[in-house]
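Colleague: I am new to reading models like this one. Can you take me through a few features in turn?

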Amino acid sequence: MLSDTDASPATSSATTKTTSSAKSPLLDTSKPSNGEYKPEEDYHSSSSPAQNPINSNPGPQIPISWPPNGTLTLDWILNLMAAFEWSSRNLPPSDLPSVLPVSVLDSLILCASKILHKEPNCVRIDDCGENSTVVVVGDVHGQLHDVLFLLRDAGFPSENRFFVFNGDYVDRGAWGLETFLLLLAWKIFLPCRVYLLRGNHESKYCTSVYGFEKEVMTKFGDHGKHVYRKCLGCFEGLPLASIIARHVYTAHGGLFRSVAATPSKRLKGKKKNRRISAGSDPSLLTLGSFDELSKARRSVLDPPWEGSNLIPGDVLWSDPSMNPGLSLNEERGIGLLWGPDCTEIFLKNFDLKLIIRSHEGPDAREKRPGLGGMNEGYTIDHVVESGKLITLFSAPDYPQFQATEERYNNKGAYIVLEPPHFETPVFHSFEAISPRPKVNPYYDYKEVIDSDEELDLASMVSDS
Ligand SMILES: [Mn+2]
């Protein structure tokens with residue numbers, strides 16, 4: 001059992017850079033203009049940044065307004081970051097509309113959705129050249145302050161710095177909305193440098209159980225339903241996977257099955273039966289191709305676990321296993337488990353060298369003997385002839401709300417891929433921002449502790 005990632009033979013050869021812990025405020029501009037920065041304070045005790053006449057170190061300009069010409073600038077995004085940071089520490093959640101009016105939120109989501117919906121299911125990032133790096137990020141789960149740290153630590157997205165986010169922006173953490181909107185702003189600003197993939201939590205089912213829906217209702221009150229609907233529509237547009245520099249595949253869950261009809265002789269001619277057998281008979285499971293991935297219908301509120309459109313559910317929900325073969329992911333009730341042999345076949349068939357997936361935090365890994373823990377924010381799960389499979393998790397000190405006294409105290413990590421081949425991951429582990437503002441959770445974390453392994457299928461509406 002590999003309980004310590006450093007001790008596993010798979011990780012010993014990895015290049016690791018551990019960045020310094022993140023204990024200080026991130027942005028000078030996040031200070032209210034009176035210069036007093038007291039994150040430990042209750043939000044009721046600080047004045048609004050706009051109310052202080054002495055503006056030697058101006059705080060964020062609020063309320064945020066949509067640029068008259070509709071073009072976002074770096075300054076606009078920096079101000080958005082500062083405004084979210086400031087409001088998270090100084091305002092009650094229900095005051096967010098005084099920082100970000102619903103009309104601006106509408107414009108942001110509309111603009112990003114238009115870009116996202118046009119992207120293919122698997123985005124191909126081929127224009128990273130000799131001077132470029134690609135930063136890959138795993139689950140962030142509404143931990144805004146850690147995301148702000150990550151962006152500053154890795155360096156902001158730019159002409160020469162690509163970002164691929166592997167999904168799970170929302171749920172569990174208390175600032176899923178701010179986190180998601182901030183990443184949408186970066187997407188709009190640099191659409192060919194920032195890529196936002198879908199996670200299993202970017203769905204109606206997960207957000208109704210793990211807090212995001214209630215978070216939005218709390219923050220936007222009368223407009224909450226409208227804002228939540230807009231977010232769900234945007235989730236449907238998020239692409240499922242990426243291929244970086246032709247040899248690195250990333251997706252939230254991972255691999256996926258073939259849904260091509262493989263009729264047995266007995267079923268020949270019976271069209272209905274053939275449809276059902278396509279990919280759903282566990283004894284006939286085989287890995288899918290990128291051609292099949294490209295044809296999957298991703299515009300669904302919840303990826304279906306039955307029917308013919310199974311690829312989105314696989315890509316978003318599957319997990320690696322140390323046992324060989326492809327099997328149904330019984331624990332989660334959706335998606336697959338795949339072994340090292342499948343990783344090898346997938347890498348070899350598609351001329352890939354590396355798979356970076358996310359989806360499992362310290363809680364999930366605690367119950368998976370044989371797989372590494374998430375103390376450092378990543379594990380190297382499979383090392384095979386053609387390459388490696390990595391799990392990457394970017395939410396440190398996760399989950400934000402925990403029923404037990406004892407916390408995982410896990411680090412988060414991001415990966416930097418460097419030229420010329422972009423195939424050798426450089427790991428950057430980081431600690432959580434401390435202290436986090438004290439807020440109430442938006443879900444019953446004592447009841448659903450870490451149970452997203454079990455989908456309540458009966459409560460989901462299949463639209464396959
Ligand atoms: Mn996940």
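Modeller: Start with helix H1, residues 74–90, in this predicted model. Helix H1 has 17 residues. From its first C-alpha to its last it reaches 24 Å.

Colleague: What span is expected for H1 at 1.5 Å a residue?

Modeller: The expected span is 24 Å, and H1 comes close to that.

Colleague: Which residues of H1 are buried?

Modeller: Begin with the general idea. An α-helix has 3.6 residues a turn, so residues three or four places apart point the same way. Now the case here. The buried residues of H1 are Leu80, Met81, Ala82, Ala83, Phe84, Glu85, Trp86, Ser87, Ser88, Arg89 and Asn90.

Colleague: What covers the buried residues of H1?

Modeller: The cover includes helix H2 (96–99), helix H4 (144–154) and H5.

Colleague: Now the nonpolar core. How many residues does the largest one have?

Modeller: The largest nonpolar core has 113 residues. Among those with the most contacts inside it are Val134, Leu184, Ala185 and Leu197. Helix H5 (residues 176–189) gives the most to this core, with 9 residues.

Colleague: What does Ala185 touch?

Modeller: Leave out residues up to four places away in sequence. Ala185 then touches Leu72, Ile77, Leu80 and Leu108. Leu80 is also one of the buried residues of H1.

Colleague: On to sheets. In what order do the 6 strands of the open sheet come?

Modeller: Read across: E2-E6-E7-E11-E13-E12. The pairing is mixed. Strand E2 (122–125) and strand E12 (378–384) are the edges, each pairing on one side only. From one strand to the next, the twist averages 15°.

Colleague: How do strand E7 and strand E11 run?

Modeller: E7 (residues 248–251) and E11 (residues 354–357) run parallel, joined by 4 bridges. Look at Thr250: opposite it stands Ile356 in E11.

Colleague: Which helix lies across E11, E12 and strand E13?

Modeller: That is helix H12, residues 340–349. Helix H12 runs at about 75° to E12.

Colleague: Last, strand E14. Why is it described as largely enclosed by the rest of the structure?

Modeller: Count its buried residues. In E14 (residues 412–417), 5 of the 6 residues are buried, so the strand is largely enclosed by the rest of the structure.

Colleague: Which strands does E14 pair with?

Modeller: Take strand E3 (residues 133–137): it runs antiparallel to E14, with 4 bridges joining them. Val134 has Leu417 as its bridge partner in E14. Strand E15 (residues 425–430) also pairs with E14 in the antiparallel sense, over 6 bridges. There, Ile415 stands opposite Phe427 in E15.

Conventions:
Residues numbered from 1 in each chain as written. Predicted model: local features only at pLDDT ≥ 70, side-chain atom pairs only at ≥ 80, totals over all residues. Core = buried A, V, L, I, M, F, W, Y, C linked by C-beta atoms within 7 Å. Buried ≥ 20, exposed ≤ 12 C-beta atoms within 10 Å, placed from the backbone. Helix = DSSP H or I, 4+ residues; strand = E, 2+ residues; numbered from the N terminus. Contact = placed C-beta atoms within 7 Å. Pairing = 2+ DSSP bridges. Axes fitted to C-alpha atoms, helices over the stretch in contact; angles between N-to-C directions. Expected span 1.5 Å × (residues − 1).
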